[in-house]
Amino acid sequence: MQRTSSPLPAQTGTPALKARTFECMGTVISLTMPVGMAAEGQPRLDELAAATAVVERLFRELDETFSLYRPDSEASRLARGELTLRAASAQMRERYAEAHEWRLRTEGAFTPERPDGVLDLSGLVKGHAIREAGTSLLALGRRDWCLNAGGDVLVSGSPRPGSTEPWKAGIVDPADRRTLITGYALGAGGQHAALATSGSAERGEHIWRLGGGTEFVQVTVAAADIVTADVLATAIVSGGTPMLNLAADTWDVAVLAIRADGSMLATPAFRHA
Amino acid sequence: MKIRGLAAAAFASAGILLAGWQAGTQVSGISTVATGTTATGTTGATGTGASGTGSSTASGSSGTTGSSGTSGTTGSSSSSGSSGSTASGTYKGTAVQTRFGPVQVQITVANGKITDVTALQLTNTDGKSIQISNRAAPLLRSEALAAQSAGIKTISGATVTSNAYLTSLQAAIDAAHL
């Protein structure tokens, strides 16, 4: 069958969503933007490529500093005791201070140290990278975008620029990654621009669990910023229902928590989603 | 007299309930220094002043209960002061500051018994009070699926490894947007 050109031109004022991806921090990062014709004032495809390059450079620089998988990283030298925190770089100390603050706020459910005492900021670094990338995209003048780093999402604006259409995120079923459990609307003037999911479904037991921390296999948190969403999702997997209640009472967040038997707990925003 | 005492006691318990509602989560295993939330929780226990709006008999005696249980003020009395055990109506405590903004506990009394305790947020914008609670409750899969309509633009799940990405829903969405 011969392909014919559409009788209606594509430039109907609704730019098409375009995505670019790159690999970093052991996962894949996707940047999605509505891309239109230059005359419509929308970013063009090469501008998406430029924005992706900025985000990728930022992720790579942070990975080089904070990755425990790289023997030559500053984090690895700290872990081996070759470097003290006092002598570490300013950004290393800033992230450590931020992680420590979260440990206090979550009453220990989130912690920057592994059980063996090694400093491990990986629970914070990806969220930090997403936050910094978002700041850079806004500084570049990009208002409408969706950044997804391995299942943690930060959005700005709308997939249809100028509209109130939200970026709708689907939440994966931990029992079957090919299906969704529900959706959640992000951005477009709503209260939450960030969504993070933690659990043991993908990377095994990479979350250090507290005593009661085998309750949830997957926890999704929506918040105004990605670090809060990411840290609290990790903390609730680790701390179970008490931490879920602390999070719901203390922060402006929406939470969806799934137990091993498939039963779910959800705050009102997820119940009326 | 009985009713005023009852109301004061009720507000004290309602205040404690609010404190529990806020501070009840402070029991998660690890013993580190608690932060701000405990402070707002305990202030709830002092919210005991009353401004009765029900049809209670307003005798001005003060109920001395547990915390600073001073009785309130303007009860708009309408019923006769015959029996103290038949008080009905809704009563509000004094506002306390929480992360939701100023919050007031409201109790509903029917025939002298508290039938309901709710936390109200006092919005400054329109003066209306709305019921608040962000607590998680059970969600059925069928309810959740109702929200899963079309238009999904991105996928959130536990961290996808580079290898797992290839077969993920996000990869399919990204491929559609290439």
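Trainee: What is the strand order in the open sheet of three strands?
Mentor: Keep in mind that this is a predicted model. The order is β6(A)-β5(A)-β8(B), and the pairing is mixed.

Trainee: Which strands stand at the edges of that one?
Mentor: β6 (176–186) of chain A and β8 (152–156) of chain B. Each has a single partner strand, so one side of each lacks a neighbour in the sheet.

Trainee: And how many bridges join β5 to β6 in chain A?
Mentor: Seven, with β5 (residues 167–173) and β6(A) running antiparallel. Within that pair, A:V172 is opposite A:L180.

Trainee: What packs on the sheet?
Mentor: Helix α5 of chain B, residues 169–176. This helix touches β5 and β6 of chain A as well as β8 of chain B, and its direction makes about 150° with that of β8(B).

Trainee: Changing topic: is β3 of chain A buried or exposed?
Mentor: Buried. Five of the five residues in β3 (residues 145–149) of chain A are buried, so the strand is largely enclosed by the rest of the structure. On one side the buried residues are A:W145, A:L147 and A:A149, and on the other A:C146 and A:N148.

Trainee: Which strands does β3(A) pair with?
Mentor: β2 (residues 27–35) of chain A joins β3(A) through four antiparallel bridges. β4 (residues 152–156) of chain A also pairs with β3(A) in the antiparallel sense, over five bridges.

Trainee: What about the turn in the β3(A) and β4(A) hairpin, which residue takes a positive phi?
Mentor: A:G150, with phi near 60°. The hairpin has two residues between the strands.

Trainee: Where else do strands pair between the chains?
Mentor: β10 (residues 264–266) of chain A and β7 (residues 137–139) of chain B run antiparallel, joined by three bridges. A:L265 is opposite B:P138 there.

Trainee: Last one, what is the overall make-up of chain A?
Mentor: Six helices and ten strands. Of its 273 residues, 50% are buried.

Terms used
Residues numbered from 1 in each chain as written. Chains lettered and ligands numbered in written order. Predicted model: local features only at pLDDT ≥ 70, side-chain atom pairs only at ≥ 80, totals over all residues. Pairing = 2+ DSSP bridges. Buried ≥ 20, exposed ≤ 12 C-beta atoms within 10 Å, placed from the backbone. Contact = placed C-beta atoms within 7 Å. Axes fitted to C-alpha atoms, helices over the stretch in contact; angles between N-to-C directions.
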